[in-house]
Amino acid sequence: MSEPTPKQRLDKWLWHARFFKTRSLAAKVVSGGHVRVNSAKTSKPAQAVGAGDVLTFPQGRAIRVVRIEALGERRGPAPEAQTLYTDLSEPRDSVPPAPRFEGKGRPTKRERRKIDLDRTRELE
């Protein structure tokens, strides 16, 4: 007879893997129906998850897709938490593009005055 695979609460695993700052915040996202386990919506924070399950959930403005590799024993440091999952999300740019004024950086006072004049002319 084979042993049953170990399982853990979904909200607890999300907290151990450091996707959410508090366990209650993780539970709120799950109970709001924003988390999918193996492409099935779940609204129970006590949903049992184990190794091999794929989770899809929002984090900030991004949608994260992760595969659970291991269950957490504690909420440890970030490098330890990153061993609990494999990120399947699309890679995103880590540095947002800096705002530029015609590719020259910050506008000078003279250029700002010209911009302001152009804006007032558009209103007329």
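The protein is built from 4 helices and 7 strands, where helices (H or I, at least four residues) and strands (E, at least two) are DSSP runs numbered from the N terminus. Read from that end, the elements run β-α-α-β-β-β-β-β-α-β-α. The model is a predicted one, so local features need pLDDT of at least 70 and side-chain atom pairs count only at pLDDT 80 or more, while totals for chains, interfaces and linings use all residues. Residues are numbered from 1 along each chain as its sequence is written, and side-chain values use heavy atoms, with hydrogens and water left out.

Now for the surface. Its accessible area comes to about 9,300 Å², and 51% of that belongs to carbon and sulfur atoms; areas come from the Shrake-Rupley method with a 1.4 Å probe, and for residues only the protein chains shown count as cover. Of the 124 residues, 27% are buried. Here buried means under 20% relative accessible area, exposed means over 50%, and partly exposed is in between (1.4 Å probe, protein chains only). As for contacts (heavy atoms within 4.5 Å), among those between residues at least 6 apart in sequence, 42% join residues at least 24 apart.

Pro6 sits in the segment before strand S1 (8-9) and counts as exposed because its relative accessibility is 58%. Leaving aside residues up to four places away in sequence, Pro6 touches Val49, Gly50 and Leu71. Pro6 and Ala51 are 45 residues apart in sequence, with their C-alpha atoms 8.1 Å apart in space. Another pair is Glu90 and Ile63, 27 residues apart in sequence and 9.2 Å apart in space, C-alpha to C-alpha. Glu90 belongs to the loop between strand S7 (85-87) and H4, and is exposed at 72% relative accessible area.

Most residues other than glycine have a negative phi. Asn38, not a glycine, has a positive phi of about 50°, and phi of Ser39 is also positive, near 65°. Asn38 lies in the loop between strand S2 (35-37) and strand S3 (40-42), and Ser39 is found in the loop between S2 and S3. Asn38 is partly exposed at 40%, whereas Ser39 is exposed at 60%.

On to charges. Side chains of opposite charge can pair when their charged atoms come close. The structure holds 7 salt bridges, each a side-chain nitrogen of Lys or Arg within 4 Å of a carboxyl oxygen of Asp or Glu. One of them joins Arg23 to Asp11, with the closest N and O atoms 3.4 Å apart. This pair links distant parts of the chain, 12 residues apart: Arg23 is in helix H2 (residues 23-31) and Asp11 in helix H1 (residues 10-16). Arg23 is partly exposed at 31%, but Asp11 is buried at 3%. Arg74 and Glu80 also meet in a salt bridge (2.9 Å, N to O), with Glu80 partly exposed at 32%. Asp116 and Arg119 form another at 4.0 Å, N to O; being 3 residues apart in helix H4, they are separated by about one helical turn. Asp116 is partly exposed at 44%, while Arg119 is exposed at 53%. Through shared partners, salt bridges join Arg9, Asp11 and Arg23 into one network.
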